[in-house]
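Let's take a friendly walk through a protein model together. Have the sequence and the 3D view ready, and follow along strand by strand.

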Amino acid sequence: MSAATLAADTISASTPVLSASPIVLSAPGRAVDLQVRVSAPMTGSELPIILLSHGHGYSNNLSSLNGYSPLATFWAAHGFVVIQPTHLDSKTLSLDPTDPDAPLHWRSRAQDMTRILDQLDVIEAAVPQLLGRLDRSRVAVAGHSLGGHTASLLLGARLTDPHDGTEVNLAEPRIKAGVLLAAPGRGGDALSEFAATNYSFFLTTDFSAMTTPTLVVAGDKDTSTHLTVRGADWHADPYVLSPGPKTLLTLFDAEHCLGGISGYDVAETTDENPERVAAVQLLTWAYLRSELYPGDSAWQAARDVLTAGVNPLGRVESK
């Protein structure tokens with residue numbers, strides 16, 4: 001499969017994109033106010049929304065509203081409004097590493113997305129070109145790596161707070177579909193010693209209540225040995241261990257950055273592959289189109305082309 005073939009079969013021509021940042025949202029009780037980037041097509045109305053959660057990572061700016069341009073720009077060019085927060089774990093903020101919620105601020109990350117939905121009026125006022133153009137009934141969430149964990153909580157996954165032993169439910173009913181990209185899997189004995197010791201909230205991850213329709217994207221070479229002892233299959237857990245409707249896209253020879261979705265030509269991409277990135281762009285777009293607009297054929301067309309030919313880029317299964 002080539003990206004050009006997939007694009008020709010499934011997607012309309014792109015439109016120019018406007019991008020505005022930082023837009024500052026009030027966040028009482030948060031260490032700093034919430035800064036977001038908004039990317040949107042220059043034309044069109046009743047535009048669906050994607051909340052995009054960045055990963056953690058060691059880079060200074062990819063883990064912020066400045067990252068993930070390969071996805072954000074593509075989705076916006078093809079009809080979505082993409083909103084990207086800078087979560088508290090971002091190196092751009094350099095917050096106190098001894099904070100009880102550091103280093104990953106897992107709860108605050110999910111709360112950031114709810115704050116965004118609560119303040120869409122503020123975002124529209126800050127970007128007058130968007131005024132009256134949002135379809136607030138069609139909201140999706142997407143996240144990569146730790147951002148995938150954030151998205152899974154919003155989609156219904158649960159965990160036990162390691163500080164007080166209470167069950168945490170951060171499901172957001174306004175979110176109608178999700179995309180998990182190289183997301184963490186289950187906890188318990190699947191975790192590495194490092195992850196169990198340093199990121200104890202991962203220990204109790206439970207996908208059994210994650211009922212929102214979701215596309216799980218996993219690379220079959222994404223071993224993530226710093227987090228898990230189970231190998232690449234760990235990243236399929238959000239599909240395997242959750243109820244339907246769910247879809248799993250397994251990308252062949254893909255590692256943790258899935259070809260380079262966090263940014264163009266970045267050092268932390270270990271499997272740089274523009275064709276793979278193009279496939280992720282198109283397949284995620286097609287999945288969300290079909291989930292948010294029942295009857296839209298984009299996902300079936302993209303799925304058919306992905307698996308065609310003698311050297312497919314991946315495989316798809318659904319339940």
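## A covered strand

Let's begin with β10, a strand that is mostly covered: six of its six residues are buried. Keep in mind as you look that this is a predicted model. Lys246, Leu248 and Thr250 point one way from β10, while Thr247, Leu249 and Leu251 point the other way. Residues on both sides of β10 are buried.

Which strands pair with β10? On one hand there is β9, which runs parallel to β10 and is joined to it by six bridges. Within this pairing, Leu215 has Thr247 of β10 as its bridge partner. On the other hand there is β11, which pairs with β10 in the antiparallel sense over five bridges. Here Leu251 stands opposite Gly314 in β11. In general, strands of a sheet pair through backbone hydrogen bonds, either parallel or antiparallel.

## The whole sheet

Now zoom out. β10 belongs to an open sheet of nine strands with mixed pairing, in the order β1-β2-β4-β3-β5-β8-β9-β10-β11. What stands at the edges? They are β1 (17-25) and β11 (314-318), each with a single partner strand, so one side of each is left without a neighbour in the sheet. Neighbouring strands of this sheet are turned by 20 degrees against each other on average, direction ignored.

Further along the order, β5 (residues 134-144) and β8 (residues 177-181) run parallel and are joined by five bridges. One of the residues to look for is Ala140, whose bridge partner in β8 is Ala177.

## Helices across the sheet

Helix α3 (residues 106-118) lies across β1, β2, β3, β4 and β5, and runs at about 155 degrees to β3. Helix α8 (residues 274-292) lies across β3, β5, β8, β9 and β10, and runs at about 160 degrees to β8.

The largest nonpolar core holds 54 residues, and Leu51, Val81, Ile83 and Ile116 touch the most other members.

Finally, look at helix α7, where Asp237 is found. Is Asp237 buried or exposed? At 5% relative accessibility, Asp237 counts as buried, because the cut-off for buried is under 20%. A polar atom of the Asp237 side chain lies 2.9 Å from the backbone nitrogen of Arg186. Not counting residues up to four places away in sequence, Asp237 touches Gly185, Arg186, Phe207, Arg230 and Ser242.

Leu241 sits in the loop between α7 (237-240) and β10. Leu241 is partly exposed, with a relative accessible area of 38%. Leaving aside neighbours within four places in sequence, Leu241 is in contact with Arg186, Phe207, Ser208 and Lys319. How far is Leu241 from Ser137? The two are 104 residues apart in sequence and 28 Å apart in space, C-alpha to C-alpha.

Key. Residues numbered from 1 in each chain as written. Predicted model: local features only at pLDDT ≥ 70, side-chain atom pairs only at ≥ 80, totals over all residues. Heavy atoms only, no water. Core = buried A, V, L, I, M, F, W, Y, C linked by side-chain atoms within 4.5 Å. Buried < 20%, exposed > 50% of the residue type's maximum accessible area, 1.4 Å probe, protein only. Pairing = 2+ DSSP bridges. Helix = DSSP H or I, 4+ residues; strand = E, 2+ residues; numbered from the N terminus. Axes fitted to C-alpha atoms, helices over the stretch in contact; angles between N-to-C directions. Contact = heavy atoms within 4.5 Å. Polar contact = N/O pair within 3.5 Å; in protein donor to acceptor, adjacent residues only side chain to side chain.
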